[in-house]
Amino acid sequence: MKLTHSLNSSEGLIWELYFGLQDKHAPSSPQELNHSSFQKITATVPGNVEIDLEAAGLIKDPKIGNNVYELRAFEFYRWWYRCRFEQPEIPEGCEVKLCFDGIDCIADIWLNDEKIGRVENMLVEHHFDVTEILKKENELFVCIHSPVLEGRKYEREFWGVRYDALGGESVYIRKAAHSYGWDILPRLVSAGIWKEVKLEIIPPTYFKAVYWVTKSVNVEEKTASLYVDWEFATERLNVDGLILKIKIANRHKTVFDQSFNIYSTVFRNRINDLKNIDFWWPRGYGDANLYDAVLQILDADENIIAENKQQIGIRTAELINTAANTREQPGEFVFKINGEKIFVKGTNWVALDALHSRDKQHIKPCVDMLVDLNCNMIRMWGGNVYEQEEFYDLCGQHGIMVWHDFMMGCTMYPQDQGFLKKIEEEAAKAIRRIRHHPSLVLWAGNNENDVSLEWDNDQPHIDPNTDIISRRLLPAMVRRLDPKTPYLPSSPYISSEAFRLAGNRIDQDYAPEQHLWGPRGYYKAPYYTENIARFVSEIGYHGCPSRESLEKMFDPDFVYPWTNKTDFSWNDQWQTKAVRSHPYATETIKRNDLMANQIKCVFTEVPANLDRFIQASQIIQAEAKKYFIEFWRMNKGERNGILWWNLRDGWPVISDAVVDYYYTKKLAYHYIKRVQTDVCVMIGDARENGHPVVIVNDTLKEVEGHFTIKDADSDQVLLKKNFKVGKNGKLAEGSLPATEEPKLWLIEWEVGAKKYTNHYFAYQPHVSLDVYLKWLPLLK
């Protein structure tokens, strides 16, 4: 079995960090470094250089105010990491690999004065055979180059590339795209050994790959058929006489336990007609049952010489997706697990921290919130990184499906052979690492690359289906390495048919899956209510963070007031937190206005008082996101899912997130929690017969219950009924008469012994904020 020896700082190793400008005098070898004037400080591995600089007192906290702009100077630096370590005990016949789980980003690596490799990708792991290089005492150097300066070495293509910092500087550099500046995260072009470093001791015989597939399931009979592909490496010339043992079991039972004679190092074992199976289901639809699947290779003396353990879920996953969607010919976009249509309720997973070495500490608390909100899907957004193993494990345990973008977003990427090779290598590593997780239900080629051609009406005539990466390379990689998992070329995906229907132009209105941003005005505007998408994978609404969080992220003099109280012209630090990527940048300078404009759509005033402004903004965000979720759920059957934007900020900013960087929950968090229950009673906007009352059941069992709707002011019962809703079904259960006066209707229902609450805000714009504030204590 493989053994690992950590080289992290936490194991007592002393890492040093040297740094200076990457000019012609910058050292390019360890020998030159030893004679250079580069400054030296203590480093932490895993880590980011900014964290070490702050710990050394060389920079201010970049999370506060405009301090992040001071990091601009370090974008042009070269960074040298150095450590010494002793060789661990290595059993005879074993190989040793030096493994970096993540280096950000372009680096040369030396071990004992020998250059062992170069890496050019932050997003995936890198392994080097050091069996013959290791000594009793070892010295390791990692030289990280400026990604900005390295990016300038490439000649740009004009096909579909956005010429801002994102499209210009970053497209050739395989680094988290948000690093160069995004509307949800600052420009922070970091560097560092951001994930674990270790030595991996590899025995003479080991499994190279094990791939489990659920071929078919019969839910009613609780049976399933699987296969497992495996391949192992060995120093043995003849493998006859070895035995393969396969066991599938959970805490309660063993469903398969057999041994097979080995006569090849690569094979497929088909495991048919497994009985009494506990299937893996998304949240609400059943339990997320997992099995321990173990493969062992035994020698003639029955010694275990190789072993592979995985947690698998026995389930099938499909995406039913049509090429186009119109009113005349409705399309489809729906996930099916074990043959059952799943209504998706979830959100988008963005960067957990702009400094990714801190990601790990955020994974569990963020997944805990997904569970608390009853999300059954998370979309891994393409401007981020491929997440750590713990994330996928937790999603599998909690029945949270993972929609996984490949890490590209919001621009068209180079098409030359050199860049295609980078993506091919990255995709191979990402797929092989993640594919075994039962939570993984979709690979998507990128985030918004297709529709980015249309932005600002720059190149809407270019057919995105000519993109080599998303149409040829990535689907081929998924087919080769993870054929059980569906693939979507882009999100939103503009198919050839959708492109044709739009008149040979890009228009997501013809796609069955869409991102609904648009004008971002009134949340009940026709842009939202008349849209015919079958599935929405991004939809958001701004909400101001709490005063406590604002006081943490701003210098004291910038919290309040704004520069001009009458016209809401925001002061400099409010603009920075908008998020402005550079003091010269203008792309996001009006994002704070979204909050004021959205308040103005509903209430009679946009408060000049900060605390009232925060209340008004959070109320509107909460009502808007609640409305979006309810609107999609009440149209279940025509609509198949909603992934709202987004759970938590990865930096102290002002955004659409419902939880800020400091884990302070906005009002929207609590409203969303109430409307994402498996069984939910909701009230819709008035139609001819009044406000419809709709009950949705996102479980695979018929449910019975009782609901009561009361007026919040008078406590009068407006409607009271028993109900019965079929499995995975929907029921219209009466209506309430329309009202001219603003009203708050409180909804209570009971299923089994459990009670739930919701509400409906009945109004016509514009309403006094004080009217809503008197109800707010009833809703917290």
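# Briefing on selected local features of a predicted model

N531 sits in the loop between α11 (526-529) and β27. The model is predicted.

**N531 and its surroundings**

- N531 has a relative accessibility of 10% and therefore counts as buried, the cut-off being under 20%.
- The side chain of N531 makes a polar contact with the side chain of Q514, at 2.9 Å.
- A polar atom of the N531 side chain also lies 2.7 Å from the backbone nitrogen of A533.
- Leaving aside residues up to four places away in sequence, N531 touches Q514, L516, P526, W632 and R639.
- Two of these contacts, Q514 and L516, belong to one side of β26, where both are buried.

**Strand β26**

- β26 is covered on both faces: E513 and H515 are buried on one side, and Q514 and L516 are buried on the other.
- In a regular strand, side chains alternate between the two faces of the sheet.
- β26 and β27 run parallel and are joined by four bridges.
- Within this pairing, E513 stands opposite F535 of β27.

**The eight-stranded parallel sheet**

- Eight strands form an open sheet with parallel pairing, in the order β25-β24-β23-β22-β21-β28-β27-β26.
- β25 (487-488) and β26 (513-516) are at the edges with a single partner strand each, so one side of each has no neighbour in the sheet.
- α15 packs on this sheet and touches β21, β26, β27 (535-539) and β28.
- The direction of α15 makes about 165° with that of β28.
- Inside the sheet, β21 (residues 344-349) and β28 (residues 641-644) run parallel and are joined by four bridges.
- G346 stands opposite L643 in β28.

**Helix α17**

- The buried residues in α17 (residues 769-779) are L769, Y772, L773, W775, L776 and L779.
- Among the elements that cover these buried residues are α15 (610-634), α16 (667-675), β34 (743-751) and β35 (754-762).
- At the start of α17, a side-chain oxygen of S768 comes to within 3.2 Å of the backbone nitrogen of D770.

**Packing of α7 and α9**

- Helix α7 (residues 417-434) packs with helix α9 (residues 468-481) at an angle of about 35°, and their axes are 10 Å apart.
- The crossing of the two helices is right-handed.
- On the α7 side, the contact is made by F419, L420, I423, E424, A427, A428, I431 and R432.
- On the α9 side, the contact is made by I468, I469, L473, L474, M477, V478, R480 and L481.
- By class, the residues of this contact comprise 13 nonpolar and three charged, with no polar ones.

**M477 in α9**

- M477 lies in helix α9 and is one of the residues through which α9 contacts α7.
- With a relative accessibility of 2%, M477 counts as buried, given the cut-off of under 20%.
- Apart from residues up to four places away in sequence, M477 touches E424, A427, A428, I431 and D482.
- E424, A427, A428 and I431 are among the residues of α7 in the helix contact.
- M477 and V210 are separated by 267 residues in sequence and by 17 Å in space, C-alpha to C-alpha.

- Strands β11 (residues 206-218) and β12 (residues 223-233) pair in the antiparallel sense over eleven bridges.
- V217 stands opposite A224 in β12.
- Four residues lie between the strands of this hairpin, and K222 takes a positive phi near 60°.

**The four-stranded antiparallel sheet**

- Four strands make an open sheet with antiparallel pairing, in the order β14-β13-β16-β17.
- β14 (254-261) and β17 (304-312) are the edge strands, each pairing on one side only.
- On average, neighbouring strands of this sheet are turned by 10° against each other, with direction ignored.
- β13 (residues 243-249) pairs with β14 in the antiparallel sense over seven bridges.
- I246 has Q258 in β14 as its bridge partner.

Notes: Residues are numbered from 1 along each chain as its sequence is written. This is a predicted model: local features need pLDDT of at least 70, side-chain atom pairs count only at pLDDT 80 or more; totals for chains, interfaces and linings use all residues. Side-chain values use heavy atoms; hydrogens and water are left out. Axes are lines fitted to C-alpha atoms, for helices over the stretch in contact, and angles run from 0 to 180 degrees between N-to-C directions. A crossing is left-handed if the near helix is turned anticlockwise from the far one by less than a right angle, and right-handed if clockwise. Contact means heavy atoms within 4.5 Å. Ala, Val, Leu, Ile, Met, Phe, Trp, Tyr, Cys and Pro count as nonpolar, Asp, Glu, Lys and Arg as charged, and the others, Gly among them, as polar. Buried means under 20% relative accessible area, exposed over 50%, partly exposed in between (1.4 Å probe, protein chains only). A polar contact is a pair of N or O atoms within 3.5 Å; within protein, one must be able to donate a hydrogen and the other to accept it, and residues adjacent in sequence count only if both atoms are side-chain atoms. Two strands pair if DSSP finds at least two bridges between them.
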